[in-house]
Amino acid sequence: MTVTPTEGVARVATPVPTVIHTVDPASYVGPSPWQRFTANRFGHWLIGRLPLIAVLALQVALATRLHNTAFEDEALYLYAGHHEIAWLLHHQTTYDNYSTYFSGAPFLYPVLGAAADGLFGLEGARALSLIFMLGATCCVWGVTRRLYGRPAAACAAALFAVAAPTLFLSRLATYDPMSLFLLAFALWIVVATARGMAPLVLLAVPPAVLAVGTKYAGLMFVPTIALVAVFAGRYGGRVKVTGEARRRGWIASIGRGLLFTLSFAGLVYGWLKMLGPSYVAGITSTTTNRASGGDSIGYILKMAAELGAGVTILAFAGVWVDARLARRNGETRAAILVRVLLSLALAFTALLAPVYQVHLHTATSLQKHVGFGLLFASPVAGVALAGLLRIGARDPRRLFAGIMVCLALTWAAIVQSTQLYGGWPDSSQMVSDLKTQVRPVTDRILAEEDEVPRYYLSDLTQPYQWYSTFSFTYTTKKGQVLSGIPAYQQAIADQYFGLVVLRFGPTAGLDNTIDGPLMAQKGYTLIAKVKDSDQYGTGYYWIWRSDTS
């Protein structure tokens, strides 16, 4: 019989190791739900953006507290958008060539805004603007985080979100929020692709072109995006890098900026050639060759300072703070120079709108255009504020100063945005009274700022029934063609208008020539005197009806 080698050998028992528990197994409960949440990728991503979420919530809260009836521009663009939709879907006439005098392409924002208005009313269109402005705040956060770090990103987003122009535009159904968001998105793409291949910068071209198409004045801010493409492409922000990203050099960076600029110019040129001369006329009359106004330089500068001086001053301070941080981090002089040029390009953009409007001697839309400049200045301003608060951690006095700066800017923005949103009268009672008097199809209605009642009464009236106090041409029964004041006076004498609504506001000079005594003599009866108030004081809507209508 065969015997295996192990047969007959006594087996030695292997000793069982002794386990010493440092924690009682019965009391161990594992990681908490919060620990498990922060450990996964989404939780980590969300925690890193809690400051941004808080800023967005604050922006929503401060913006939605603003209430008023439709602004003249809102009424005009939404009304035009509904007619553009009717033309696109059913080829119904628009009764007007909007492209010749609109400051943006009528088939872009007006159509989008009118779609929201058709579904949810004016508040729906304003909610769309709020979404655009929240998106712009997110882009400010993203741009600043990549260029200057997370602390600066939180401060920059907060500075932009609570600025008076931002809050105002967040509740305004006009071109501006959409154009501003598209510019912010293009800027974010340029910064996000700074360390990638040069052709990636072309991703920023379509939103930049759409931004300018949405509002032609957006063209003023495109050169800043091109400069950021150059400087951010050179070193890719504040983070010290090595290898290929640092070896690219100036030629590659300038080529990146030129690629963006030439592609943008080519698309704009093709767009204009396709759309025709009416759009060129609109761009010329509203933007590139706009007629000068009569506002004083002091008034324009004072208004611009009230709206954006705080963020602008912080932005220029941020240029110095960023350079100091770079020097402390041991960066080379060349790297510091590029960072200074990048920061200066962003900071100086805050001055573009005020300088342009000083050149035109007009404060019209300044409260909106300042917001575009703050979009670019906020990232650098965030560097200064973050530096002040960071230093304050070691010096309570400076921490207190930083907090006071935040509170002062926020309080000023709340007050200013409330004033801006109260800059036009509440027209609800006037529209309600007028609604009882309008005769569809037949009545001719002369109204100061006719865009507002025309928008609210669009379901009762047709576009051809409305006439404005800004311009009017009248052909008499004898065939004589009149314009200006004589045209209004003769039309009233002939009782051409069934209803006349005067406010003695923007066209007070004309209103005084066709006021109550004249209309009373020519067969008009005052049927309503509606009180209104705005930032300039208390006034009245005067509603007259022809005795023969």
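The dialogue below goes through salt bridges, aromatic pairs, backbone angles and surface patches in turn.

Reply: Please keep in mind throughout that this is a predicted model.

Me: How many salt bridges does the structure hold?

Reply: Side chains of opposite charge can pair when their charged atoms come close. In this structure there are eleven salt bridges, and one of them joins Asp 176 to Lys 368, with 3.6 Å between the closest N and O atoms. Asp 176 belongs to helix 8 (residues 175–192) and Lys 368 to helix 17, so this pair ties together parts that lie 192 residues apart in sequence.

Me: Are Asp 176 and Lys 368 buried or exposed?

Reply: Both Asp 176 and Lys 368 are buried. They also belong to one network, in which salt bridges that share partners join Asp 73, Asp 176, Lys 215 and Lys 368.

Me: Which parts does the salt bridge between Arg 545 and Asp 443 tie together?

Reply: The side chains of Arg 545 and Asp 443 meet at 3.3 Å, N to O. Arg 545 is in strand 7 (residues 537–546), whereas Asp 443 is in the loop between helix 19 (428–435) and strand 1, so the pair ties together parts that are 102 residues apart in sequence. Arg 545 is buried, at 9% relative accessible area, and Asp 443 is buried as well, at 5%. Another salt bridge is formed by Glu 331 and Arg 339, whose closest N and O atoms are 2.5 Å apart; here Glu 331 is buried at 13% relative accessible area, and Arg 339 is buried at 5%.

Me: What should I look at in an aromatic pair, and how many are found?

Reply: Look at the distance between ring centres and at the angle between planes, since planes under 30 degrees apart count as stacked and those over 60 as edge-to-face. A search of the whole structure finds 33 aromatic pairs, among them Tyr 455 with Tyr 456, which is edge-to-face at 5.0 Å centre to centre and 65° between the planes. Within this pair, Tyr 455 is buried at 9% relative accessible area, whereas Tyr 456 is partly exposed at 30%.

Me: Why does the pair of Phe 472 and Tyr 474 count as stacked?

Reply: The planes of Phe 472 and Tyr 474 are at 25° and the ring centres 6.0 Å apart, so the pair is stacked. Phe 472 is buried, with 8% relative accessibility, and Tyr 474 is buried, with 6%.

Me: Where does Ser 365 lie, and what is its phi?

Reply: Ser 365 is in the loop between helix 16 (352–360) and helix 17 (366–392), and its phi is positive, about 65°, although the residue is not a glycine. Glu 449, in the loop between strand 1 (445–447) and helix 20 (451–456), also has a positive phi, near 55°.

Me: Which residues form the positive and nonpolar patches on the surface?

Reply: Arg 324, Arg 327, Arg 328 and Arg 390 form a positive patch, to which helix 14 (residues 297–328) gives the most, with three residues. The nonpolar patch consists of Trp 250, Ile 254, Leu 258, Leu 262, Leu 337 and Leu 341, with about 560 Å² of accessible area together. Helix 12 supplies its largest share, four residues.

Key. Residues numbered from 1 in each chain as written. Predicted model: local features only at pLDDT ≥ 70, side-chain atom pairs only at ≥ 80, totals over all residues. Heavy atoms only, no water. Patch = residues over 30% accessible without salt bridge, like charges linked within 9 Å, V, L, I, M, F, W, Y side chains within 5 Å. Areas by Shrake-Rupley, 256 points an atom, 1.4 Å probe, with all protein chains shown as cover. Salt bridge = Lys/Arg side-chain N within 4 Å of Asp/Glu carboxyl O. Lys, Arg positive; Asp, Glu negative; His and termini not counted. Charge placed at Lys NZ, Arg CZ, Asp CG, Glu CD. Helix = DSSP H or I, 4+ residues; strand = E, 2+ residues; numbered from the N terminus. Phe/Tyr/Trp six-rings, centres within 6.5 Å; stacked < 30°, edge-to-face > 60°. Buried < 20%, exposed > 50% of the residue type's maximum accessible area, 1.4 Å probe, protein only.
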